[in-house]
Amino acid sequence: MRSTARILAFSALIVAFVPDRTASAPISSEYQVKTAYLYNFAKFIQWPEGTFTDTTEAIVIGIAGEDPFGSLLDEAISQRRAQGRPLRVERYHNLADIGHCHLLFVSRSEAKQQSELFRALADSNVVTIGESPDFTKEGGQVRFFLSKSQTIKIEINRTAAHRAGIFISSRILKMARIYKP
Amino acid sequence: MHKTRRLIAFVSLFMLGLYISGATADVNGLLDLSLEDLAQTPVSLVSRKAEAPFGLPAAVSVITAKELYHSSTFNLAEALRLVPGFHVGRIDANKWAVSARGFNGRYANKVLGLIDGRSIYTTATAAGVFWEMQDILLADLDRVEVIRGPGASLWGANAVNGVVNLVSKEAIATQGGHLRLGIGTEDQLLQGRYGGRINEQTYYRAYGHFGRRDDLKSKSDIAANDSWDSWKMGTRLDWRPAVRDHITLIADLQQGDMAQTALLFSPEAPYSDFDQHRIQFSSISTSWRWQREVSDRSDFSLFSYYENLERRGPPAGELSDIWNSEFQHRISLGNRHELLWGLQYRLTAIERMNQTFTASFSPRTRQLSLFGGFAQDDISLVTNRLRLILGAKLEHNEFTGLEFQPNARLAWTPTARHALWAATSRAVRSSSSGENDVRLLLGVLPPVEGALPVFLGLVGNPDFRAETMHAFEAGYRYRYGGLLSLDVATFANDYTDLFAVEGTPLMRFDDHVLRAVTPQNQISGRSYGVEISGNYKWSNSWSLNTAYAFFHLKLKSPEASSGLHGDQEKNTPRHIFTLALQGLNILGTDLNATLRRVGPVLVNTTNIPAYSELDLYVNRLVADQTSISLSLQNMLHSSHAEYSTRLLTVPLMQAQRAFTLTLVREF
């Protein structure tokens with residue numbers, strides 16, 4: 001019993017003095033989760049050889065159309081690296097502006113023109129990510145959707161990903177729903 | 001006096017629990033969450049690759065991290081009570097009997113155990129898993145995958161009636177700090193873990209655990225003496241240098257000190273006496289694994305581990321060094337075939353220590369090599385509907401030579417709601433070095449008129465062969481969305497060459513006479529049974545699980561030697577029923593309850609009656625990252641017996657009603 005009391009006192013001390021790490025706060029916002037997904041895509045997708053000109057070139061995350069992330073994405077990834085590369089966000093107001101990027105988030109605002117976009121990107125190594133209901137059906141590669149249990153999950157169109165020549169790690173695939181036409 | 005102290009302790013815990021600081025959402029922490037946490041999707045790894053159990057042609061259950069963490073127990077062995085068809089009997093505070101589909105006992109030897117791929121099944125003295133030596137931080141476990149029935153075509157010998165595969169979380173899934181403090185009438189524990197990030201590719205965690213368990217209650221006039229302490233510390237590092245590569249390093253260190261009362265023998269009067277002594281164990285284990293995804297149709301892994309294991313104390317001790325290396329490769333061929341194959345080599349060096357008159361081994365050291373290879377073809381006969389798995393493992397072990405363990409499994413999934421499966425397999429339990437080398441005393445006839453005392457004992461048989469099983473299984477699964485599921489598994493197992501003992505001629509020594517029995521492959525038998533489990537899940541919060549298992553075993557001895565099989569027919573209950581309520585939230589308090597009814601068992605010559613027990617676990621989040629819980633075990637009776645031992649004679653002990661208050665703080 002004496003030693004139990006000692007253990008207790010010791011642990012009470014530890015518990016009382018550990019700082020609160022705000023980092024593991026409950027996940028609240030939809031776009032925080034989507035930001036984390038985008039970061040994981042940058043970590044777990046391999047682009048074909050020759051995509052990057054040198055080993056320090058950034059992985060560019062493009063946002064096409066209205067930006068639902070606000071400053072969230074920039075703040076989150078500014079200090080981060082993925083596959084040893086820095087990360088950068090670029091915004092394109094409409095489809096005509098789209099420049100060189102590796103991951104392309106296609107906003108809901110562009111849903112009407114997205115199939116046109118997929119045709120235009122057909123021969124590139126860009127990973128298209130979107131959230132409109134028909135995104136994967138029309139040829140997009142990764143679609144966010146809300147599951148019945150109110151969590152955000154992803155659906156992957158493997159044919160489209162294959163066409164883009166990218167390799168998606170099983171880390172992503174094993175938790176994704178595979179789009180079946 | 002000590003009650004007051006306990007009260008003060010409880011109150012101070014509550015005060016601590018109220019210590020909060022406001023937490024704001026920060027996306028940086030989110031980035032370090034694993035993808036699994038992001039999607040909150042429990043992913044299952046069975047058949048050596050990730051897969052959900054629904055369409056699998058085997059009796060598979062998965063205990064999720066959440067279920068584990070909300071179970072009322074602090075001991076890994078008892079967490080296995082959550083698995084339908086598993087029988088867990090507490091022998092004393094530091095010993096459990098754990099098995100599925102029969103043949104239970106302190107040395108239950110037909111269920112294989114693995115922690116992150118490292119085998120915890122020992123064959124050094126007796127064969128089986130020493131569950132008390134598998135102390136693990138339940139919070140760091142990702143899931144426990146359990147196969148009932150043979151898994152020998154992949155896992156090799158001794159995976160006869162089940163495989164328990166404990167899978168720990170990747171380091172990225174355990175970032176930040178975690179402290180758990182538990183104080184109770186039977187269990188005290190202190191656990192801590194910290195997970196951090198070295199760079200974008202590398203995450204780690206380090207943990208420590210200390211546990212103390214009080215004596216159980218003795219019903220005989222021999223005082224209870226089975227309390228124990230154990231501590232464990234370890235670390236895991238996950239490094240993903242590139243998208244396709246994953247390297248894992250794990251190292252663990254543990255030590256335990258257990259009290260035991262056991263019948264020990266001596267050649268002088270009084271020849272036998274219950275002796276109170278202590279048993280110490282320690283282990284160091286380290287493993288590394290390299291997994292590479294060659295393409296989305298092919299991957300391989302290399303895995304090695306080293307373990308040093310020491311267990312000292314009456315009646316005998318052992319020191320083992322184990323080196324194990326494995327290679328595994330998966331490749332999809334065409335649209336229909338997925339081929340999985342692998343190779344394995346294991347070297348085990350055993351040294352027997354602290355030999356006593358009661359137990360000794362000859363030879364004193366052993367070096368055992370194990371070679372194995374397996375191949376499995378997972379064939380999609382009709383896409384998403386009909387699936388055939390053909391596989392076999394060929395293995396060579398030092399005692400029983402080459403063992404071939406094939407299986408064939410078929411699953412039919414006519415719709416997304418129904419699945420039917422059937423399987424047939426051959427599996428063996430290779431003989432242990434104990435059965436070959438042991439000299440263990442079990443009883444004594446005191447001398448009459450100056451004659452020598454006659455000891456009764458078990459003497460190893462170097463010709464003891466493997467026990468063999470042919471299994472026939474069939475099952476059905478039903479699911480209605482994520483709401484309702486039903487799982488029925490049936491089996492009929494034919495055993496041959498089962499362990500039985502046969503008398504040997506009297507052996508005369510200077511100061512005693514030994515009348516020994518020796519292991520023989522004498523008996524055959526047939527078991528059959530059914531395991532039914534149902535799960536009803538209400539939205540994302542509470543669920544109701546119920547399970548029932550029926551088991552029957554009939555053994556056949558050669559005519560001249562009937563009754564050789566001892567208690568084997570009855571050492572596993574014929575009926576086990578459990579009903580569990582999980583995660584019911586009432587006014588912010590999580591309530592979990594488990595009711596179980598376990599049928600009577602016969603262990604050696606001890607009849608242990610059926611019992612019913614109720615465990616409760618109440619958990620409340622008192623602050624953002626702090627929760628307090630109360631575990632109430634064995635609420636229906638002040639004490640009850642669950643199991644006893646056969647080979648090592650320890651007094652019958654009873655598990656007690658227990659209360660434990662735990663505080664968990666994440667930071």
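Predicted model: local features only at pLDDT ≥ 70, side-chain atom pairs only at ≥ 80, totals over all residues.
**Entry 1: chain B as a whole**

I began with the overall dimensions. The C-alpha atoms of chain B fill a box of roughly 85 × 70 × 40 Å along the principal axes. I then looked up the radius of gyration, which is 25 Å for chain B; a compact globule of 667 residues would come near 26 Å, so the two agree. For secondary structure I noted seven helices and 42 strands in chain B. Of its 667 residues, 47% count as buried. I also checked how far along the sequence the contacts reach: among those in chain B between residues at least 6 apart, 63% join residues at least 24 apart.

**Entry 2: a sheet of five strands**

Next I turned to an open sheet in chain B. Its strand order reads β3-β10-β11-β6-β7, and the pairing is mixed. Which strands stand at the edges? I found β3 (59–64) and β7 (118–119) of chain B there; each has a single partner strand, so one side of each is left without a neighbour in the sheet. Further in, I followed β6 (residues 111–115) of chain B, which pairs with β11(B) in the parallel sense over five bridges. At residue level, I saw V111(B) standing opposite G162(B) of β11(B).

**Entry 3: V164(B)**

I stayed on strand β11 of chain B, residues 162–168, where V164(B) is found. Is V164(B) buried or exposed? I count it as buried, because 29 other C-beta atoms lie within 10 Å and the cut-off for buried is 20 or more. Leaving out residues up to four places away in sequence, I listed its contacts as L80(B), V111(B), G113(B), V144(B) and V146(B). I also took one C-alpha separation: V164(B) and E132(B), 32 residues apart along the chain, are 15 Å from each other.

**Entry 4: L80(B) and the cores**

L80(B) had come up as a contact of V164(B), and I followed it next. With residues up to four places away set aside, L80(B) touches F86(B), V88(B) and V98(B) as well as V164(B). I then looked up the largest nonpolar core, which has 83 residues; L80(B) and V98(B) are the ones with the most contacts inside it. Which strand gives this core its largest share? I found that strand β30 of chain B, residues 484–503, does, with six residues. Apart from this core I noted another, of 42 residues, including F44(A), C101(A), F118(A) and F144(A).

Terms used: Residues numbered from 1 in each chain as written. Chains lettered and ligands numbered in written order. Helix = DSSP H or I, 4+ residues; strand = E, 2+ residues; numbered from the N terminus. Buried ≥ 20, exposed ≤ 12 C-beta atoms within 10 Å, placed from the backbone. Contact = placed C-beta atoms within 7 Å. Core = buried A, V, L, I, M, F, W, Y, C linked by C-beta atoms within 7 Å. Rg over C-alpha atoms; globule rule 2.2 N^0.38 Å. Pairing = 2+ DSSP bridges.
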